[in-house]
Amino acid sequence: MYMTYKRDDEGDYTINLYDSSNDYLFGYLDLFDNVDCYVITGRVIHFEVDAEVELFETRKKKLHNMFVELQSMIKKGVIDTKGKPVLILSDELISRDAIKRMNLKRVPRYCGYYFI
């Protein structure tokens with residue numbers, strides 16, 4: 001798996017997620033600039049082309065690795081969040097497993113978790 005990203009004029013990022021073996025786009029994340037934080041949302045297009053692969057475990061591993069890499073890119077300043085906190089929205093398909101594996105804390109009265 002690998003990621004590409006681009007930033008628009010308003011400071012928002014789109015991060016595309018690809019399968020390394022065949023450059024297949026299987027999902028994307030949006031990192032958008034809110035008033036006092038950045039928020040991560042995402043969408044899964046598909047995780048694997050090969051139906052023989054155990055999809056559930058493969059999905060969990062790929063997404064966890066992707067979120068760890070994204071967190072590292074933000075901390076290193078590769079993706080500039082202007083020093084604002086970064087929240088990840090709770091989403092059944094793209095963030096649920098990463099939230100659990102990374103033991104992220106829930107934001108009070110909000111449908112997200114502290115990412116950074």
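## Phe67 and its contacts

In this predicted model, Phe67 touches Leu29, Ile40, Ile88, Ile94, Ser95, Ala98, Met102 and Phe115, leaving aside residues up to four places away in sequence. Phe67 is buried, and Phe115 is buried too.

## The nonpolar core

The largest nonpolar core has 26 residues. Ile40, Phe67 and Phe115 have the most contacts inside this core. Several elements each supply at least two of its residues: strands S2 (13–19), S3 (24–33), S4 (38–44) and S5 (86–89), plus helices H1 (55–76) and H2 (96–101). Helix H1 gives the largest share, six residues.

In soluble globular proteins, nonpolar side chains tend to be buried together.

## Aromatic pairs

Three aromatic pairs turn up in a search of the whole structure. One of them joins Tyr2 and Tyr18. This pair is stacked, with 5.1 Å centre to centre and 15° between the planes. Tyr2 lies in strand S1 (residues 2–7) and Tyr18 in strand S2, so the pair ties together parts 16 residues apart in sequence. Tyr2 has 30% relative accessibility, so Tyr2 counts as partly exposed. Tyr18 is buried, at a relative accessible area of 18%.

Phe67 and Phe115 form an edge-to-face pair. Their rings are 6.0 Å apart centre to centre, with 70° between the planes. This pair links distant parts of the chain. Phe67 sits in helix H1, while Phe115 is in the segment after strand S6 (112–114), 48 residues apart.

Conventions: Residues are numbered from 1 along each chain as its sequence is written. This is a predicted model: local features need pLDDT of at least 70, side-chain atom pairs count only at pLDDT 80 or more; totals for chains, interfaces and linings use all residues. Side-chain values use heavy atoms; hydrogens and water are left out. A nonpolar core is a set of buried Ala, Val, Leu, Ile, Met, Phe, Trp, Tyr and Cys residues joined through side-chain atoms within 4.5 Å. Buried means under 20% relative accessible area, exposed over 50%, partly exposed in between (1.4 Å probe, protein chains only). Helices (H or I, at least four residues) and strands (E, at least two) are DSSP runs, numbered from the N terminus. Contact means heavy atoms within 4.5 Å. Rings of Phe, Tyr and Trp (its six-membered ring) pair if their centres lie within 6.5 Å; planes under 30 degrees apart count as stacked, over 60 as edge-to-face and the rest as tilted.
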